[in-house]
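I set out to record, entry by entry, what I looked up in this structure.

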Amino acid sequence: MSRWRPPRPKSSPYITAEGYRTLETELKQLWERRKDVTIALSAAAAEGDRSENAEYIYRKKELREIDRRIHYLQKRLPALTVVSEKPSNRDQVFFGAWVTLETMDGEEITYRIVGADEIDTTGGLISLDSPLAKALLKKSLDDEVAIRHAEQETRYYITAIRY
């Protein structure tokens, strides 16, 4: 059986200014962490037989993960477009908007539409590429939005939009 997987669809290249600063900070911290891991790896390698050296194997794996993330960030950061300006029409939902939705049960949920690199569902940050965000774009206050997933349809009403 093959391990080949089709490539993921490209995510949108947009990011908020805060998200961009967060990724830059992460990249700097990874370079600092890499120095420490390299020193620990050298010390583990000096202990002798590497095939049975758990510390050496662990540090190699850790270094590989750090290098993978650094490589990703170095390629991704230049490709991103920072959106820092608020739209001229603030009555509609666009990138960077905080949108308060009301469910059919009367429950209120607030989401912010952000780039794919800064999503955090616990903090209410959803990707511009998500089905909900795509349905919300260019909608106005009091509009109804329907999201279909699996065999179920969920309806929301937009109760507030802020930037």
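Predicted model: local features only at pLDDT ≥ 70, side-chain atom pairs only at ≥ 80, totals over all residues.

The entries below follow the order in which I went through the model.

**Entry 1**

I treat each value below as computed from it.

**Entry 1. The sheet as a whole**

I looked up the order of the strands. Five strands make up an open sheet, arranged S5-S4-S3-S7-S6, and the pairing is mixed. I then asked which strands lie at the edges. They are strand S5 (125-127) and strand S6 (144-149), each of which pairs on one side only. From one strand to the next, the twist averages 40°.

**Entry 3**

S4, residues 108-114, is joined to S5 by three bridges, and the two run parallel. Within this pairing, I found Arg112 opposite Leu125 of S5.

The next step leads from S4 to S3. Five bridges connect these two strands, which run antiparallel. I recorded Tyr111 in S4 as the bridge partner of Val99.

I then followed S3 to its other neighbour. S3 pairs with strand S7 (residues 152-162) over six bridges in the antiparallel sense. Which residue of S7 stands opposite Val99? It is Ile161.

Arg148 has Glu153 in S7 as its bridge partner.

**Entry 2. The two hairpins**

I examined the turns next. The hairpin of S3 and S4 has four residues between the strands, and Gly106 in this hairpin takes a positive phi near 90°. The hairpin of S6 and S7 has two residues between its strands. In that turn, Ala150 has a positive phi of about 60°.

For context, most residues other than glycine have a negative phi.

Lys138 has a positive phi of about 70° and is not a glycine. It lies in the loop between helix H3 (131-136) and S6. Asp142 likewise is not a glycine and has a positive phi of about 70°. Asp142 is also placed in the loop between H3 and S6.

Are these residues buried or exposed? Lys138 counts as exposed because its relative accessible area is 58%, where the cut-off is over 50%. Asp142 is exposed as well, with a relative accessible area of 62%.

**Entry 3. The aromatic pair**

How many aromatic pairs does a search of the whole structure find? It finds one. The partners are Tyr14 and Phe95, whose rings are tilted, with 6.3 Å from centre to centre and 55° between the planes.

I looked up where the two residues sit. Tyr14 belongs to strand S1 (residues 14-16), while Phe95 is in the loop between strand S2 (81-83) and strand S3 (98-103). The pair links distant parts of the chain, the two residues being 81 residues apart.

I then checked the exposure of each partner. Tyr14 is partly exposed, with a relative accessible area of 36%. Phe95 is buried because its relative accessible area is 14%, and buried means under 20%.

**Entry 4. The largest pocket**

The largest pocket holds about 570 Å³ of space. It is lined by 13 residues, and those nearest its centre are Arg8, Pro9, Lys10, Ser11 and Tyr72. I recorded the lining by class as five nonpolar, two polar and six charged residues.

**Entry 5. The second largest pocket**

The second largest pocket contains about 200 Å³ of space. Its lining has 13 residues, with Val83, Ser84, Lys86, Gly96 and Arg112 closest to its centre. By class, the lining comprises six nonpolar, three polar and four charged residues.

Key. Residues numbered from 1 in each chain as written. Heavy atoms only, no water. Pairing = 2+ DSSP bridges. Axes fitted to C-alpha atoms, helices over the stretch in contact; angles between N-to-C directions. 1 Å grid on protein atoms, 1.4 Å probe; cavity = no way out; pocket = protein on both sides within 12 Å on 5 of 7 lines; lining within 4 Å. Points joined across faces, edges and corners; volume = space filled by probe spheres on them. Nonpolar A, V, L, I, M, F, W, Y, C, P; charged D, E, K, R; others polar. Phe/Tyr/Trp six-rings, centres within 6.5 Å; stacked < 30°, edge-to-face > 60°. Buried < 20%, exposed > 50% of the residue type's maximum accessible area, 1.4 Å probe, protein only.
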